[in-house]
Amino acid sequence: MTDILRYAIELGAVLLLALGIKGLSKVRSARGANQLAAVAMALAVLGLLFNSLATTGISASAWIWILLGTLAGGVLGAITAQRVPMTSMPETVALFNGCGGMSSLLVALAAALYPQALEATGAVALVSIVVSVFVGAITFTGSIVAMAKLQGWLSTPGWMQSRLRHAVNIALAVLALIGAIEMLRTSGGATGLWIVVIASGLLGIGVTLPIGGADMPVVISLLNSYSGVAAAAAGFVVGSQLLIVAGAMVGAAGLILTQVMCDGMNRSLLSVLFGGALGASATSGGGGGEYTNITSCSTEECALTLEAAERVVIVPGYGLAVAQAQHTLREVTRVLESAGIDVTYAIHPVAGRMPGHMNVLLAEADVPYEQLIEMDQINPEFPATDVVLVLGANDVVNPQAKSDPSSPLYGMPVLDVQEARTVFVVKRGMSAGYSGIKNDLFELANTSMVFGDAKKVLGDLLVELKDLGLGKT
Amino acid sequence: MDPTFVEFLWVLLLGSLLGLELIGKVPPTLHTPLMSGANAISGITVLAALTAIIKAGDNIVLLLLGSVSLGFALFNVIGGFLVTDRMLAMFSRKPARKENR
């Protein structure tokens with residue numbers, strides 16, 4: 001009887017998880033779907049606990065350890081989720097993801113050290129353990145490195161950018177393989193196990209460390225997929241079908257999402273992982289060069305031009321996110337709108353260095369969803385646009401991507417802002433974007449640079465616009 | 001071949017296909033929340049951690065490993081779902097707040 005109940009609960013949980021993932025892909029249903037997935041997770045956990053109570057029972061000491069783990073993880077997770085600013089979402093996802101990988105790794109370790117207790121004996125269990133340890137360790141160290149790089153705590157050491165890193169990584173992969181073989185040969189020997197743990201942990205670092213900030217979200221998405229694979233492998237270890245299904249779903253869905261992100265940047269997954277084409281040109285200086293013919297202007301001139309405009313398009317980028325200027329931007333656009341100026345936002349698929357990052361930030365600042373226009377829809381509109389305000393975006397508005405076949409950016413879809421009558425680029429200085437490539441847009445006659453931190457420039461702009469009598473209702 | 005193992009392979013295959021099918025078309029707006037939500041679901045390893053603790057008996061190392069694993073997994077799950085909800089709440093509450101101003 002308990003078996004039937006267990007299967008019913010597991011099937012129900014799988015169904016709800018699937019509906020959750022499905023619902024997460026539509027704006028209207030997304031929030032409910034996320035809650036549905038959370039309910040499914042709770043159901044799965046309660047189902048497991050009840051099933052254990054009904055069959056083997058749960059000892060008092062087990063309850064204590066369950067409670068300890070739950071309290072520590074739950075409280076820290078809740079606090080982190082509440083505290084973290086919206087601008088550091090990519091890092092946060094990386095951190096959570098790494099911990100998921102660590103969890104799979106630890107379970108596999110436990111099963112490898114005490115196979116009898118966890119009924120994880122035999123060749124199948126051993127292979128599952130190896131896979132879980134390997135993928136779990138890579139997910140953990142890779143995600144932590146990704147987080148540290150995005151936070152600016154880590155930078156890539158020089159030798160890591162050379163070809164030497166490939167040799168090192170291959171050596172580590174071979175070492176992990178040797179450990180795995182050793183472990184299978186000795187049917188679970190500890191030496192092989194620790195070799196796998198250490199080699200795959202280092203491999204996660206070695207693979208992630210050379211990847212530039214621009215490509216990091218792709219890597220995070222890929223690691224997210226890995227953590228699903230690690231969970232599925234852990235499912236094989238402890239014999240849980242629910243774990244296998246959920247892990248496989250996340251693994252597959254993560255892969256699709258990774259592909260979508262790569263498409264948005266016109267990069268292949270292989271070149272992100274192994275090529276580092278963009279990063280390499282940044283160091284060698286190829287495609288770089290000095291700027292000539294730069295026009296810069298004050299916020300006052302910018303305000304005057306904006307006041308005279310009828311159609312304004314805002315192009316937000318990573319600089320806006322870093323400066324946390326989304327709220328100030330919203331105030332500026334409110335003032336413009338109150339003066340009858342048509343304001344829309346052009347959202348490049350990878351603006352903010354994480355697909356959808358800009359949408360989240362602008363939504364936080366109460367920008368109506370309908371005003372966020374995707375690249376394909378907004379591009380034909382630029383010739384009819386009076387003013388484009390580029391805020392901390394660079395590579396996504398580089399015309400080289402369409403005009404210069406020798407450019408490393410060539411072929412990447414970009415926003416055709418140069419078609420507009422006037423372009424203002426708000427930027428802290430003349431430094432290159434993530435790709436390290438010179439942006440021809442800045443030299444065009446209809447482009448003016450407004451130097452400064454996005455938040456400060458927008459604040460000044462707001463004052464100037466109000467001085468001009470805008471926004472008085 | 002172990003029949004349960006074959007069964008597990010089928011489950012793995014069908015689960016993967018389901019995952020590929022589920023998110024065919026996603027508006028870019030939802031990429032970050034979807035990634036974050038899927039990431040929370042990958043914390044389903046709580047089940048594995050719980051199993052390890054329950055089967056540990058009085059093996060203190062196993063209890064400790066299971067408990068730490070549970071902590072990591074729950075950090076992933078709770079944090080992941082809450083942070084996703086925080087992001088998505090911004091999409092849904094918008095119209096109401098606009099009227100207030």
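A:Val315 first. Leaving out residues up to four places away in sequence, A:Val315 touches A:Ala346, A:Val388, A:Leu389, A:Val390, A:Leu391, A:Ala393, A:Val397, A:Leu415 and A:Val417. Contact here has a definition: two C-beta atoms, placed from the backbone, within 7 Å.

This is a predicted model, so local features need pLDDT of at least 70 and side-chain atom pairs count only at pLDDT 80 or more, while totals for chains, interfaces and linings use all residues. Residues are numbered from 1 along each chain as its sequence is written, and chains are lettered from A and ligands numbered from 1 in the order in which they are written.

Back to the core. A:Val237, A:Val315 and A:Val390 touch the most other members of the largest nonpolar core, which has 200 residues. Helix H4 (residues 60–92) of chain B gives the largest share of this core, 18 residues. By nonpolar core I mean a set of buried Ala, Val, Leu, Ile, Met, Phe, Trp, Tyr and Cys residues joined through C-beta atoms within 7 Å. Buried means 20 or more other C-beta atoms within 10 Å of the residue's own, exposed means 12 or fewer, and partly exposed is in between; these C-beta atoms are placed from the backbone.

Now the chains. Chain A has 19 helices and six strands; chain B has five helices and zero strands, in the order α-α-α-α-α from the N terminus. Helices (H or I, at least four residues) and strands (E, at least two) are DSSP runs, numbered from the N terminus. Of the 473 residues in chain A, 54% are buried; of the 101 in chain B, 63% are. Among contacts with a separation of 6 or more, residues 24 or more positions apart account for 78% in chain A and 60% in chain B.

The interface next. In chain A, 98 residues are in contact with 79 residues of chain B. H10(A) supplies the largest share of the chain A side, 18 residues. That side divides into 63 nonpolar, 30 polar and five charged residues. The classes are Ala, Val, Leu, Ile, Met, Phe, Trp, Tyr, Cys and Pro as nonpolar, Asp, Glu, Lys and Arg as charged, and the others, Gly among them, as polar.

Chain A is divided into domain 1 (1–83), domain 2 (88–275) and domain 3 (299–467), with bounds from an automatic or database domain assignment. The C-alpha centres of domain 1 and domain 3 of chain A lie 43 Å apart.

One residue in helix H13 (residues 299–308) of chain A is A:Cys302. Why is A:Cys302 counted as buried? Because A:Cys302 has 22 C-beta neighbours inside 10 Å. Beyond four places in sequence, A:Cys302 is in contact with A:Cys297, A:Phe424, A:Val450 and A:Leu461.

Helix H15 (residues 326–338) of chain A has 13 residues, so at 1.5 Å a residue it should span 18 Å, and its end C-alpha atoms are 18 Å apart, which agrees. The expected span is 1.5 Å times one less than the number of residues. After H15(A) comes A:Gly340, with a positive phi near 80°.

Last, confidence. Chain A averages a pLDDT of 85, and 92% of the residues score at least 70; pLDDT is the predictor's confidence in each residue, from 0 to 100. Over residues 276–287 of chain A, pLDDT stays under 50. Where pLDDT is low, the predicted coordinates should not be read in detail.
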